[in-house]
Amino acid sequence: MSRFRNLEFEGQNDDAFQPQQEEVIKNEVYYLGEAQSAFEAADFELGLRLYARALEENPKSPAAWTGQVRMLLELGEFREAKAWADKALETHPNHPELLAAKAVALGRLGDLDEALAFSDAAFEERGNSPFVWLARADVLLARKEQRAEYCFEKALGLAPRDWFVAWLAARVRIYYEQFAQALKVLRQAIEFESARFMLWLQRGECELALGHVDAARASFAQVLQLNPLCEAAHEGLRQASSTGLGRRIAGFWRRLTGS
Amino acid sequence: MPEPNRPYYPPRAPWYAPAREAGYAALAATRVQKIPTPGNIGLGAFVLGLFLPGFAFVLHRRPKIGTALVAIWPILFTLGLAFLGESVGNLFLGLAISLHATSIVHLISPWLRELGAPQRILASFAAVAGLIVFAYLPLQELTYHKLFTPIVTDQGSVVVRPTRNPEGVRRGTWIVHQTTGRSGWGVVRVHEGISFAPVLALPGDTVVFTRAAVRVNGTDLPRQNDMPTEGSMVVPEGHWFVWPRLHVAVNTAGVDAETVRGVMLSQSSVPFANLRGIPFSRWFHRQQVLTTSP
């Protein structure tokens, strides 16, 4: 124990030299929690690293393996996601969320039949989580099938008033350029949790894509209130200010076609 | 940000991932799932086998032969370039192309083995013809038009920088130019050909012939064979003054010296349009251009 701990200094509060708070135990649970926070903040690179740390703590953690594959998917690295899912499935061959994640990777790589097969396998393994349903919707959208709507409903129904699942659903919609539907889901998500800057950011991006320039500006302004350093919001505002005729026509067309 | 030392950090997309994805998208659009390769070698290895002569033998488990051929081909090709325009150069280049063709036929040998003998022969010919038509001829065209080309002149073969632009020509620059066929001096007739000589004077320069020298704008230059001993001329616009180096191919008995000088003088104004190239002063071991004082 430090022999200076009882000294008093001007301008410092009384707690300054108190013994430290209970040290955080950095185990699998800790890293999984941190990774989830990174995921929710859309910091997928950080999420990937934290899930890797969780795996170092427990190489058999299915949540960490699934999380890594999902981070790679969110980063757009589908080929790497598929390869990593294969590696994960060596350890957990029947894990429904891993199977679903691989289905998404395959679907986005254009291997549509295999994607559907893996999605089926996820359900056969009694996968009934929102992510498994969102993965199904993802695969069906890749296959341009209408049944995707039912899967989205199921996913959102399994997690009522959960902004995170709604946000994930919106991200799937955005990937397939269904901006109008994505905007609808994002509005719901913001009702559930309006303090998440990422929701406003994606809402702004959808509004911009649909040509709702003023609404997009308002959304980006909300982002900057919540996170003044958000570069994407500044960029969004710049884009909203320089919206040309081409973008307005494209937005009008998207609104017209409901995409 | 990669964490290469972490055992559970996944391999990340390489820097060329966008190009890779575009390639896969193109394949998907054409509904080709995988580009077939002979002997199921990788696509990268197959492409390398196509472009690197001899490497096919390495790929098909003949590493010693393959390594030797990979080493020999650049030597043959370099020798072919060094002797470019000469028969021995053609021989070396021919050997290099043959080696490349052999390598390609060996590369596709797993496919050829599945064919009957006549088809195999035809396919081999097609491979060689394809190599020449689609690789070496375009390469030759490109280099001969843009980089260098051998030209056989009346004084021998010379490698030139192909240009028809007169801008780079100064007094003393050696040029390869077309000579114009002419007749009208009785029995003497000049045939068309390609000549190689230095430019002695530029358009507008005054050339004065004396018994001791040829004077260009007041500067004495050594006389050359069959130059007039008196008189002067102004080099016309769009021409250079180049003293011709004609190869006499017939008996000149009975032709007087004045006629010969007149013929030579008539050939000495070379139009810009006749320029075929500017020779490299040195081409590998060959000294091509003599120093000429302007």
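Along its sequence, chain A of this predicted model follows the pattern α-α-α-α-α-α-α-α-α-α-α-α-α-α. Its secondary structure amounts to 14 helices and zero strands. Chain B, by contrast, comprises eight helices and 15 strands.

**Burial**

- Chain A has 259 residues, of which 43% are buried.
- Chain B has 294 residues, and 21% of these count as buried.

**Contacts within each chain**

- In chain A, 50% of the contacts with a separation of 6 or more are made by residues 24 or more positions apart.
- In chain B, 62% of the contacts between residues at least 6 apart in sequence join residues at least 24 apart.

**Where chain A meets chain B**

- Contact between the chains involves 13 residues of chain A and eleven residues of chain B.
- On the side of chain A that touches chain B, the elements giving two or more residues are helix H2 (44–57), helix H3 (62–74) and helix H4 (78–91) of chain A.
- H2(A) provides the largest share of this side, with five residues.
- Sorted by class, the side of chain A that touches chain B consists of six nonpolar, five charged and two polar residues.

Terms used
Residues are numbered from 1 along each chain as its sequence is written. Chains are lettered from A and ligands numbered from 1 in the order in which they are written. This is a predicted model: local features need pLDDT of at least 70, side-chain atom pairs count only at pLDDT 80 or more; totals for chains, interfaces and linings use all residues. Two residues are in contact if their C-beta atoms, placed from the backbone, lie within 7 Å. Helices (H or I, at least four residues) and strands (E, at least two) are DSSP runs, numbered from the N terminus. Ala, Val, Leu, Ile, Met, Phe, Trp, Tyr, Cys and Pro count as nonpolar, Asp, Glu, Lys and Arg as charged, and the others, Gly among them, as polar. A residue is buried if 20 or more other C-beta atoms lie within 10 Å of its own, exposed if 12 or fewer, and partly exposed in between; C-beta atoms are placed from the backbone.
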